[in-house]
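Please keep the structure in view while reading.

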Amino acid sequence: MRRSFLVIPLTLVGICLSSCSQQLVRVKPYERGNLSRLGMSRDLNPLYTAMTEHAYFSREGSFGGAGVGGGGCGCN
Amino acid sequence: MNNLATSLLFLTCIGVALPATAKVEVGRSIPKLAKLVPGAEIPITSGKIVLIDFWASWCSPCRESFPILNELHQKYGPRGLVIIGISVDEKEADYRRFASKMKAAFPLVHDSAHKAAAAFNPTTMPMSYIVDRKGILRHTHKGFRGAKTRAKYIAEIEALLAKED
């Protein structure tokens, strides 16, 4: 009997503190100041990204899938 | 006793999971800004059409929107439009730098605690709210799309002015 009393609240706390609770985990649009900084960018060094993509294109014959139009068929 | 503890815990969980404030919706009155941003110089809005714009120094479209908001302020200010720009910047210095750079002609408020932002809950940056003379929210604008948004602003403000003059 006592166990059931503990299980229910613990489950609820677990739900609230886990990713099920949007209130706790979702970053609101007005809280994205730090995320919008240059240091947070995936493409921090455009030259490095361009060279890497060029290497993939020339050595592996693959192109596209990295924000560039075309799927490698050469038809675009 | 156990029942009481369980009920309290349950209510706490619900309280955490649910949004704390009532939604700001079209057709309903907006919360009072003076209460949300205490200490800020909020202009008198009673009997005026109010455009509330949420912006941030790190938001590029916000930068583009300021010349248009200045234009609206100059054109419709004398006819009863009040524009309030609410910054959601965390740092005071960012807010001040952006404000002085953009030369806003309309009043700006710094909501560093994000109380106003939490109450209005803007889903994009920037986001603006047009409120009629009775304090009822009439239109919302998500983001800023240059001439398209400007045309919408003008049409909505003109309609509200014509309706309530």
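Two residues are in contact if their C-beta atoms, placed from the backbone, lie within 7 Å. With that cut-off, among contacts in chain B between residues at least 6 apart in sequence, 70% join residues at least 24 apart. The model is predicted, and the points below should be read with this in mind.

**Overall make-up of chain B**
- Chain B contains 6 helices and 5 strands, and their order along the sequence is α-α-β-α-β-α-β-α-β-β-α.
- Of the 165 residues of chain B, 30% count as buried.

**Burial of strand E1**
- Strand E1 of chain B, which spans residues 49-55, is mostly covered, with 7 of its 7 residues buried.
- From E1(B), Ile49(B), Leu51(B), Asp53(B) and Trp55(B) point one way, while Val50(B), Ile52(B) and Phe54(B) point the other way, and all are buried.

**Pairing of E1 with E2**
- E1(B) pairs with strand E2 of chain B, residues 81-87, in the parallel sense over 7 bridges, and within this pairing Ile52(B) stands opposite Ile84(B) in E2(B).
- Between E1(B) and E2(B) the chain passes through helix H3 of chain B, residues 60-76, in a β-α-β crossover that is right-handed.

**Pairing of E1 with E4**
- E1(B) also pairs with strand E4 of chain B, residues 127-131, in this case in the antiparallel sense and over 5 bridges.
- In E4(B), Ser128(B) is the residue that stands opposite Asp53(B).

Terms used
Residues are numbered from 1 along each chain as its sequence is written. Chains are lettered from A and ligands numbered from 1 in the order in which they are written. This is a predicted model: local features need pLDDT of at least 70, side-chain atom pairs count only at pLDDT 80 or more; totals for chains, interfaces and linings use all residues. Helices (H or I, at least four residues) and strands (E, at least two) are DSSP runs, numbered from the N terminus. A residue is buried if 20 or more other C-beta atoms lie within 10 Å of its own, exposed if 12 or fewer, and partly exposed in between; C-beta atoms are placed from the backbone. Two strands pair if DSSP finds at least two bridges between them. A crossover is right-handed if, with the strands pointing away from the viewer, the path from the first strand over the helix to the second runs clockwise.
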